[in-house]
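Below is a short report on a single protein chain. Please look over the sequence and the model before reading on.

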Amino acid sequence: MSELKTNPLAQTGQRLLLVGGCGGIGRAVAQAAVHAGAQVAVLDLPASIERHPLPGVHLFPIDAKDAASVDQAVAQAAAKLGGVDGCVNLVGYMSAPLA
């Protein structure tokens, strides 16, 4: 078995976009990416952003049911980060509305 030469988790300088990243798994991914040196933008519901702020992360409110809202937030996030190297979609189902 060959030896790993680089750390696959190293994120220094990478620009990551997380959709639905304020709670649960998304929050953990965002925090780990920031800790590893990535620039992170999270798109999530306004209520989720308000309830679960993420220090060191750029936050953009969206309505995931509205394509124009998502398109606008992605464009804003990409501009803020200077581009995007990776995207993780974590938008999930909730049994009860946040609002």
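How many bridges join strand β2 to β3? Four bridges do so, and the two strands run parallel. The model is a predicted one.

## Overall layout

The protein has three helices and four strands. Along the sequence they follow the pattern β-α-β-α-β-α-β.

Of the 99 residues in the protein, 28% are buried. The accessible surface comes to about 6400 Å². Carbon and sulfur atoms account for 58% of that surface. Contacts between residues at least 6 apart in sequence can also be split by separation: 54% of them join residues at least 24 apart.

## The sheet

The four strands form an open sheet in the order β3-β2-β1-β4, with parallel pairing. β3 (58-61) and β4 (86-89) stand at the edges. Each has a single partner strand, so one side of each lacks a neighbour in the sheet. On average, neighbouring strands are turned by 15 degrees against each other, direction ignored.

β2 covers residues 39-44. On its β3 side, L43 has F60 as its bridge partner. β2 also pairs with β1, in the parallel sense, over five bridges. Here L18 stands opposite V42 of β2.

## Strand β1 and its cover

Is β1 mostly covered or mostly open? β1 is mostly covered, with four of its five residues buried. The strand spans residues 15-19.

Helix α1 (residues 24-35) lies across β1 and β2. The helix runs at about 170 degrees to β1.

## One salt bridge

A search of the whole structure finds one salt bridge. The side chains that meet in it are those of R15 and D85, at 3.0 Å from N to O. R15 lies in strand β1, whereas D85 lies in the loop between α3 (67-81) and β4. The pair therefore ties together parts that are 70 residues apart in sequence.

How exposed are the two residues? R15 is partly exposed, with a relative accessible area of 22%. D85 is partly exposed too, with a relative accessible area of 41%.

## Cysteines

The count of disulfides comes to zero. What is the relative accessibility of C22? The value is 0%, so C22 counts as buried. C87, in contrast, is exposed, with a relative accessible area of 52%.

V91 sits in the segment after β4. Which residues does V91 contact, leaving aside its neighbours within four places in sequence? They are V19, G20 and A64.

V91 and D44 are 47 residues apart in sequence. In space their C-alpha atoms are 8.0 Å apart. V91 is partly exposed, with a relative accessible area of 44%.

## Summary

β1 has four of its five residues buried, and helix α1 lies across β1 and β2. R15 of β1 is tied to D85 in the loop between α3 and β4, through the one salt bridge found in the structure. No disulfide is counted.

Methods:
Residues numbered from 1 in each chain as written. Predicted model: local features only at pLDDT ≥ 70, side-chain atom pairs only at ≥ 80, totals over all residues. Heavy atoms only, no water. Pairing = 2+ DSSP bridges. Axes fitted to C-alpha atoms, helices over the stretch in contact; angles between N-to-C directions. Contact = heavy atoms within 4.5 Å. Buried < 20%, exposed > 50% of the residue type's maximum accessible area, 1.4 Å probe, protein only. Areas by Shrake-Rupley, 256 points an atom, 1.4 Å probe, with all protein chains shown as cover. Salt bridge = Lys/Arg side-chain N within 4 Å of Asp/Glu carboxyl O. Disulfide = S-S within 2.5 Å.
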